[in-house]
Amino acid sequence: SALLEEEDALHKNEVAQFLEQMETYTPTIPDEAAVFYLNRAGFVCPDIRVRRMVALAAQKFVAELADTAFQFCKMRNKPSSKRKSQAKMVLTMDDLAHSMKQYGISICKPAYFADDIAAGLSRGAGGASSASKSRTPAPAKSISSASKSRTPAPAKSISSASKSRTPA
């Protein structure tokens, strides 16, 4: 029992020292960003030490995620015996997706990207629009040609609008 009390006192001392260090520690993730996301998740805590501990945990998670993604990037870009020079390593979204999958986060590209506002809109009961059927997108109008084709409607004055609405 004396040994357990001694270990408990040592543990409390370590926690107290850690909390003191959190008061002076400046995390990579700013306090304002941590507070914003904590409040957004419904966690409100006035103690700055707790908020900084959460920011420190988030920083550690992002660092581990980036390190794992970098390992995937290195495996993907293994130099072959044919090429002697080291190629520039580029971290891709696939590397990040593999890394995040190890942490239980699944990300994938959406199945469909719309290049045009009219893409995917149906006209009529069951047909797709001609924009979504065509393989090549229609040429984009320049700003000057688009502004020339549209003429603004003349503005009515308030007095003329009210005269036209009054019963005769």
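Relative accessible area is classed as buried under 20%, exposed over 50% and partly exposed in between (1.4 Å probe, protein chains only). The model is predicted, so local features need pLDDT of at least 70 and side-chain atom pairs count only at pLDDT 80 or more, whereas totals for chains, interfaces and linings use all residues. Residues are numbered from 1 along each chain as its sequence is written, and side-chain values use heavy atoms, with hydrogens and water left out.

Rings of Phe, Tyr and Trp (its six-membered ring) were paired if their centres lie within 6.5 Å, with planes under 30 degrees apart counted as stacked, over 60 as edge-to-face and the rest as tilted. The rings of Phe36 and Tyr37 are edge-to-face, because their planes stand at 80° with the centres 4.9 Å apart. Phe36 is partly exposed at 47% relative accessibility, and Tyr37 is exposed at 53%. Phe61 and Tyr103 also form an edge-to-face pair, with 5.5 Å from centre to centre and 80° between the planes. Phe61 belongs to helix α3 and Tyr103 to the loop between α4 (93–102) and β1 (122–123), so this pair ties together parts 42 residues apart in sequence. Relative accessibility is 33% for Phe61, which is partly exposed; Tyr103, with a relative accessible area of 34%, is also partly exposed.

Helices (H or I, at least four residues) and strands (E, at least two) are DSSP runs, numbered from the N terminus. Contact means heavy atoms within 4.5 Å. Phe18, Leu19, Met22, Glu23 and Thr24 of α1 meet Arg49, Arg52, Met53 and Leu56 of α3.
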